[in-house]
Amino acid sequence: MNKLVERIEKFKPFFEKLSRNIYLRSIRDGFIAGMPVVLFSSIFILIAFVPNAFGIVWSDKTVEMLMKPYNYSMGILGFLVAGTTAKSFTDMVNRTMDRRKQINFMSTMLAAMIGFLILSADPAGEGGFLSSFMGTKGLITAFIAAFVTVNIYKVCMRNEVTIKMPKEVPPNISRVFTDLIPFSLAIVLLYGVDIIVRNMTGNSVAESISLGLAPLFQATDGYLGLTFIFGAYAFFWFIGIHGPSIVEPAIAAVLYSNAEINLSLMQAGQHADKVITAGTQMFIVTMGGTGATLVVPFMFMLLAKSKRNKVVGRASVVPTFFGVNEPILFGAPIVLNPVFFVPFILAPIVNVWIFKFFVDTLGMNSFTANLPWTTPAPLGMLLGLNFQVKAIILIFVLIIVDTLIYYPFFRVYDEEILEEERSGKTDGSSELQEKVKANFNTEKADKILAENKKEETPAEKDALKADGDDDKPINVLVLCAGGGTSGLLANALNEAAEEYGAKVTAVADSYGAHRDILPDFDLVILAPQVASNYDDMKQETDPLGIKLVKTQGAQYIGLSRDGQASLDFVKESMK
């Protein structure tokens, strides 16, 4: 197994390069920007349909009233994501553009949104649009509109295919004319595509794409497709690559469109049978975090014989319950640990197989609502599956099965650590910890596992306070993949700054959502899972004179546990 893991790790540079692809990044960042719409709309789904499980059925008029906010938010998600994806893609393209030829992201957003409407919306009678493909069904079209638009702007700006105004014209007015040619070319090109497709198929571009990809979407809902997709999530994470950065952009359209299809089927009194949804990914496949690790901290805490594993288990139980499983992933560690390679990849796959069996064979309705990923997995399942009795049974089945999958491997690993503790030799675990530290962002885990952080003496605290009083104010931005892990280090820095009187202020955010606020900071810290983006990020921070540092797994965990160390790290990074 060690040799297998070593061979797999040789492909890591390729997978890292893939995860940094600007098209995949733009899709992911565009979706992140649109998540408030998704989560807001889901509130009304829950209010409208969860009461049904308790015998409370709203009138048709009440349901119609509750669904209006949903239809006017989720119903135009494709239109909105066309703009957010164009904005994200523009930001990434601008990194490679001459500073004097930067693309105006406001202009590309508008052009992409107009282009999307041309490709997806049909006139409705005497005014307005038919919105059938303006929501999740039109997401792929939204991506196409965004990428085509920004690439046209890129070509025009690099080759100066623009209207140049005299120097006397104010810059804000001159900019309007600069954008006119690429703006027009983008929309005209997309309109030309629309005319051709409609004449050939009789349908809009969005509908044609939906019909053409229907067989592929059906294949992803099969056992083989589910195995490949959700096995990849865990596989990439295990070797140190942020799996969602590669997998989610490829399946984003089907994840969210299937939830909407399920809702329509349920409203019509039919079986909501689409298995692959965002809820499936967040609460079935990654129950307790990537690797379906919900049960693992309980094993470490209750069944481990080794002292170290017990401590890691106790520190990991609560965060993992809320989907933050870095403490167990990096504290055990599970990732890059050959002992856990099989269960880490197998458990998510078996979970989704069981879920599909419940949906296809037992007739349970699939997910109809999209909830925040931090919702505890059991509760997320109940809410997303509308409190069906079968959903309650499913929860217990998954917990039992995951326990059976992980237990033999946990026992082997616990015996290894116990033997190390008895002999006083820790070379094996230390070497593995260093390996994890070099490959992952462990900020989250460091913060949580730092419950037993060292207590400074009053003299040490007073010395640090005195030292902090002389410092210039430092604004720190901590970035991770989703904005969760980064919060641990940011909180540690803010708490330590308040305790020691240091003039340090830290903010946490997700990589990709940082660009508009970047100029406000003096230092950017990359968490381990986004450390591979260091070179890309440097292209943004260097022109602004902002310091940039990346962290490693164990290092990040240590910093989030030790307030004094985190402040020292900031000061050292600013030198």
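Colleague: How are α3 and α4 oriented to each other, roughly parallel or roughly antiparallel?

Modeller: This is a predicted model, in which local features need pLDDT of at least 70 and side-chain atom pairs count only at pLDDT 80 or more, while totals for chains, interfaces and linings use all residues. Residues are numbered from 1 along each chain as its sequence is written, and side-chain values use heavy atoms, with hydrogens and water left out. The axes of helix α3 (residues 22-49) and helix α4 (residues 60-71) come within 8 Å and cross at roughly 165°, where axes are lines fitted to C-alpha atoms over the stretch in contact and angles run from 0 to 180 degrees between N-to-C directions. Because angles over 145 degrees count as roughly antiparallel, under 35 as roughly parallel, 65 to 115 as roughly perpendicular and the rest as oblique, α3 and α4 are roughly antiparallel.

Colleague: Which residues of α4 meet α3, and what classes of residue make up the contact?

Modeller: Contact means heavy atoms within 4.5 Å, and on the α3 side the residues include Phe 40, Phe 44 and Phe 49. In α4 they are Val 63, Leu 66, Met 67, Pro 69 and Tyr 70. By class, the contact has 11 nonpolar, one polar and no charged residues, where Ala, Val, Leu, Ile, Met, Phe, Trp, Tyr, Cys and Pro count as nonpolar, Asp, Glu, Lys and Arg as charged, and the others, Gly among them, as polar.

Colleague: How many helices and strands does the protein have?

Modeller: Helices (H or I, at least four residues) and strands (E, at least two) are DSSP runs, numbered from the N terminus. On that basis the secondary structure comes to 25 helices and six strands.

Colleague: Why is α12 described as largely enclosed by the rest of the structure?

Modeller: Buried means under 20% relative accessible area, exposed over 50%, and partly exposed in between, with a 1.4 Å probe and protein chains only. The buried residues of α12 include Ala 278, Met 282 and Val 285. The helix α12 is described as largely enclosed because the count of its buried residues is eight of the eight.

Colleague: Is Ala 292 buried or exposed?

Modeller: Ala 292 sits in the loop between α12 (278-285) and α13 (296-303), and its phi is near 55°, a positive value in a residue other than glycine. With a relative accessible area of 0%, Ala 292 is therefore buried.

Colleague: Which accessibility class does Phe 387 have?

Modeller: Phe 387 lies in the loop between α17 (377-384) and α18, and its phi is near 55°, a positive value in a residue other than glycine. Because its relative accessibility is 25%, Phe 387 counts as partly exposed.
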